[in-house]
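Hi,

Here is the structure I promised you. Please open it and keep it beside this email while you read.

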Amino acid sequence: MQRRKKQPPVLAKWLLQTFVRYDNTEATLGDFEELFYEKLRENGRLGANIWYYGQAVISLPNVIQGSIYWSLSMFKNYLKIAFRNLLKHKTFSLINIAGLAIGIACCLLILIYVQTELSYDKFHTKADNIYRVAGWVKWNGGSENAASTQFQVAGAMLTDYPEIMTACRLFRPGVAQALRYGDKKFVEENVLNTDASIFDIFDFSFIAGDPHSALQDPQSIVITETIAKKYFGDGPALGQTINYQNMVDLRVTGVIQDVPATSHLQFEILIPFGFNATFLAGLERNWYWNAFWTYLVLPDEQTAVELETRFPAFVQKYFPESFREGTVLYLQKLPDIHLHSHLVNEIAPNGNILYIYIFSAIAFLILTIACINFMNLATARAASRAREVGMRKVLGAARGNLIRQFYLEATVMTLFAVVLAIIIADLALPLFNSLTGQHLELDYLANWKLLGAMLLLALIVGLIAGSYPAFFLSSFEPSRVLRGSLSGLASSVILRKVLVTTQFIISIVLLIGIGVISQQVNFFRTKALGFDKEHVVIIRSRPEVDRQFEAFRNQLLQTGGVTQVTRAIGSLPTEPSWTFRFVPEGWPVEKPIAMAIAYADYDFLKLFNIELSRGRDFSREFSTDVTEAIILNETAAEKLGWQAEEAIGKQLDYFGAGSNEFEKQGKVIGLVRDFHFESLHNEVRPLAITLIHNQLADVAVKIKGSDIAETMTALENVWHRFAPQWPIEYKFLDQDLDKQYRKEMQLGRIIRTFAILAVFVACLGLFGLSSFVAQRKTKEIGVRKVLGASVSSILLHLSKEFSQLVLFAFMIAAPIAYLTMNLWLQDFAYRIALTPGIFVMAGLVTLAVALTTVAYQVTRAALINPVNALRHE
Amino acid sequence: MEIITKTEEMILLAVCKLGKDAYGVTIRKHLKQVTGKDFSIGGIYVPLDRLVRKGYLESWQGDPTPERGGMSKRFFRLTREGQRALADAKTMHEKLWAGITDLSLAKG
């Protein structure tokens with residue numbers, strides 16, 4: 001038919017249809033058709049089509065504008081209702097917002113922590129091309145995977161492998177160094193020896209001096225800003241002379257900015273290896289001592305991989321025969337060091353990728369709990385919104401509109417929560433910093449990634465938390481809710497109970513965790529170490545004191561506050577112990593046994609009250625003791641295959657460090673009971689103790705428990721008489737020992753904080769749930785009261801419901817916690833046993849807290865006047 | 001007195017003038033004739049809807065006709081409030097223009 005052909009183009013019609021969807025489509029489309037036919041008559045088919053299409057396209061912007069306008073009006077209404085609801089139920093809103101805020105604040109803090117930890121060492125421009133040489137070394141009796149390697153490795157590698165662009169070494173003198181400027185004397189801990197090439201590899205910002213030439217001169221020194229200020233005040237540091245170890249004068253050739261916290265390399269002073277020719281010569285001969293951190297710059301990763309394959313040949317070529325087997329060198333990428341490297345002899349204790357996982361998990365958990373709370377509380381108040389939903393639906397709201405409305409409410413609350421979260425995070429930052437040992441900053445302006453992450457977080461939280469309430473509330477059928485029946489809500493109660501139970505499971509696990517960690521830490525600190533650590537002062541010795549040690553010792557004993565004085569090296573947990581190669585009687589010389597060795601003075605066993613089980617102590621009466629006497633601990637005797645009594649009198653020789661000559665050929669004169677000369681993380685190793693001879697050893701002084709201050713002053717005076725040019729350095733042994741367990745204590749503190757948070761947020765949720773349940777049961781309670789139930793029996797009845805939840809949570813939490821804690825405890829050679837006590841405590845605490853939370857609601861419900869309750873329809 | 005926009009005023013006046021014949025097409029043609037501008041959907045239908053929502057216009061359906069592909073027409077007429085709004089607009093207009101004879105009278 002003719003008409004068919006003259007229809008307006010279908011596509012354009014469809015377009016118009018879509019654009020005009022907002023209202024009374026039919027009439028408007030009809031208008032356009034009418035005009036179309038007019039145009040058809042006037043301009044013909046083509047003209048009409050063009051016009052029609054044109055109309056469709058032109059309409060677009062206006063239509064958008066129109067619908068936005070319309071949406072905005074509804075938006076205004078939704079906002080108004082959202083705020084009204086917020087204010088009407090102030091308590092609930094506050095709980096909701098607080099819960100979310102805490103969750104978001106936690107996430108924020110953990111975000112910067114993770115961000116900082118992941119950014120270590122990345123500020124060096126060559127960071128991706130810097131590699132550290134690490135290696136396994138093995139000797140008879142043990143092996144270690146060390147982060148450092150031998151002094152010569154760097155040089156030999158540079159010669160043999162042209163693809164290495166630069167290399168440098170770093171070394172930390174084992175003891176604090178004495179530096180002097182004019183008459184200002186300082187003792188510095190953060191000194192490193194290095195090569196001039198260090199600045200070609202790492203980017204440390206120079207404030208004064210030239211990086212390329214700074215350490216070329218062997219008698220130079222590079223210091224940080226803080227050090228410069230300490231020594232020279234505000235005056236110029238460059239060119240000044242600092243005296244080092246009373247040995248040599250060094251010229252300041254560079255001042256750098258303080259090393260950033262996000263660097264695994266930490267130091268304040270750099271001194272070239274060559275500052276003293278003898279020192280350098282000694283290092284160059286030694287292929288045993290693997291104490292030098294070696295860094296290489298390679299062009300790319302393939303070179304690194306390829307280079308590693310050639311390391312075995314390198315070891316064969318250069319390492320002494322006894323070391324070749326068992327030495328495996330490999331490369332570590334610089335950015336990986338901080339989180340993934342936990343080798344022996346790291347420059348500084350590294351972070352742990354495990355912590356990042358744990359923290360992220362905790363943040364996620366707490367946020368989940370907060371979202372769950374939100375969902376719980378929002379749906380718990382469903383009753384009060386039910387009628388509104390019904391009315392809106394009757395008046396024409398589609399489900400989509402309602403969903404949008406409730407999402408908006410959730411978003412509004414989330415936004416409030418975000419604002420509150422920023423405040424909370426700011427206030428909690430110092431606490432968090434002390435927990436993690438970092439100095440983090442919440443700078444939203446500079447750290448745009450943080451800002452972006454936070455907004456994203458807010459969005460996601462709003463979406464997730466608001467999803468369940470939005471869908472649940474919008475599903476109400478007007479016919480059901482307007483009639484006043486709330487039967488549809490019953491099934492949601494189960495879900496809510498599940499959610500609250502989950503919160504409690506998390507909380508209980510965390511509580512048990514703290515319990516275990518605290519117990520373990522306590523165990524460490526109070527466990528009998530096999531020696532007395534109280535009132536012992538360890539003084540760092542100096543040659544001047546050492547030369548006249550007997551006189552020094554006598555004068556100390558005369559001060560009255562001092563009861564014992566001795567010396568010791570490597571025999572206390574506060575210092576590393578050395579491992580030497582021993583050849584017992586009848587053993588082949590080529591296969592020495594590795595054991596720990598400690599040097600001590602005559603009164604060592606007495607001062608520390610270490611129990612002698614066989615034989616005798618070192619004694620001044622036996623003049624041969626100095627050259628021959630060795631005391632073993634029981635584990636050593638066992639290791640060497642000697643029964644207790646037969647060990648006495650046996651020959652025992654050992655090699656000097658890194659040499660093929662015997663340092664001593666001795667005889668066993670006594671056995672002591674095992675004592676913990678290393679940290680409790682490790683089992684007691686076999687140990688040989690021998691007398692100090694011509695070695696600089698720390699002085700251990702046992703003082704009386706009273707008038708400590710006076711004794712210390714007297715001590716200092718005696719020191720000054722012998723070594724006036726050195727400041728006295730001392731520490732108290734028991735305090736020092738505690739430091740070893742710092743890591744565990746820190747972990748404990750962290751978990752404790754998060755546990756408290758988790759419990760708090762879970763209680764928020766429980767509070768909401770309890771009020772809902774109380775509301776729902778109003779009629780039931782009324783009936784019970786009428787039938788004669790007492791207030792207390794109702795209290796019991798209501799509490800029972802919640803107690804069941806906690807009990808159930810406990811049953812699930814306990815095994816989880818048990819398995820996790822067991823795993824953690826495996827790391828320690830000496831650990832506590834997991835007794836039920838901790839578990840029961842955690843459970844009871846949770847129960848008590850839970851009951852306290854619901855107490856208010858439950859009591860209120862129980863005290864209801866039945867008349868009012870039954871009127872409640 | 002709520003101030004209505006120029007477009008709204010024009011449409012209200014058009015509806016007033018067109019009387020029983022006021023629907024999309026006629027309003028559009030009328031406006032084109034007077035102003036020389038061809039308004040499309042956004043210019044006509046959106047304000048029309050707005051005016052209905054504001055209560056100045058009410059609409060009623062007409063009969064379907066074959067020229068319109070079988071779709072009915074939607075007619076508009078002024079409500080009481082609409083009449084009042086127009087009257088207010090006229091008053092405001094007169095007040096604003098009162099006393100202005102020479103448009104080149106700009107304060108130097």
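Start with the contact between two helices of chain A, H29(A) and H30(A). This is a predicted model, so please keep that in mind. On the H29(A) side, the residues that meet H30(A) include A:Leu795, A:Leu798, A:Phe802, A:Val806 and A:Phe810. On the H30(A) side, they include A:Phe839, A:Leu847, A:Ala850, A:Leu851 and A:Val854. What classes of residue make up this contact? There are 19 nonpolar and five polar residues, and no charged ones.

Now the geometry. Two packed helices are described by the angle between their axes and the distance between the axes. H29 covers residues 791-825 of chain A, and H30 covers residues 836-862. They pack at an angle of about 150°, and their axes are 9 Å apart. Angles over 145 degrees count as roughly antiparallel. H29(A) and H30(A) are therefore roughly antiparallel to each other. Their crossing is right-handed.

Next, look at strand S6 of chain A, residues 191-194. Are its faces covered or open? Both are covered. A:Val191 and A:Asn193 lie on one side, with A:Leu192 and A:Thr194 on the other, and all are buried.

S6(A) also has partner strands. Strand S3 of chain A, residues 166-171, is joined to S6(A) by two bridges, and the two run antiparallel. Here A:Phe171 has A:Asn193 as its bridge partner. Strand S11 of chain A, residues 269-272, is joined to S6(A) by four bridges, and this pair runs parallel. Here A:Val191 has A:Ile269 as its bridge partner.

Best wishes

Note on methods: Residues numbered from 1 in each chain as written. Chains lettered and ligands numbered in written order. Predicted model: local features only at pLDDT ≥ 70, side-chain atom pairs only at ≥ 80, totals over all residues. Heavy atoms only, no water. Axes fitted to C-alpha atoms, helices over the stretch in contact; angles between N-to-C directions. Parallel < 35°, antiparallel > 145°, perpendicular 65-115°, else oblique. Left-handed = near helix turned anticlockwise from the far one by under 90°. Contact = heavy atoms within 4.5 Å. Nonpolar A, V, L, I, M, F, W, Y, C, P; charged D, E, K, R; others polar. Buried < 20%, exposed > 50% of the residue type's maximum accessible area, 1.4 Å probe, protein only. Pairing = 2+ DSSP bridges.
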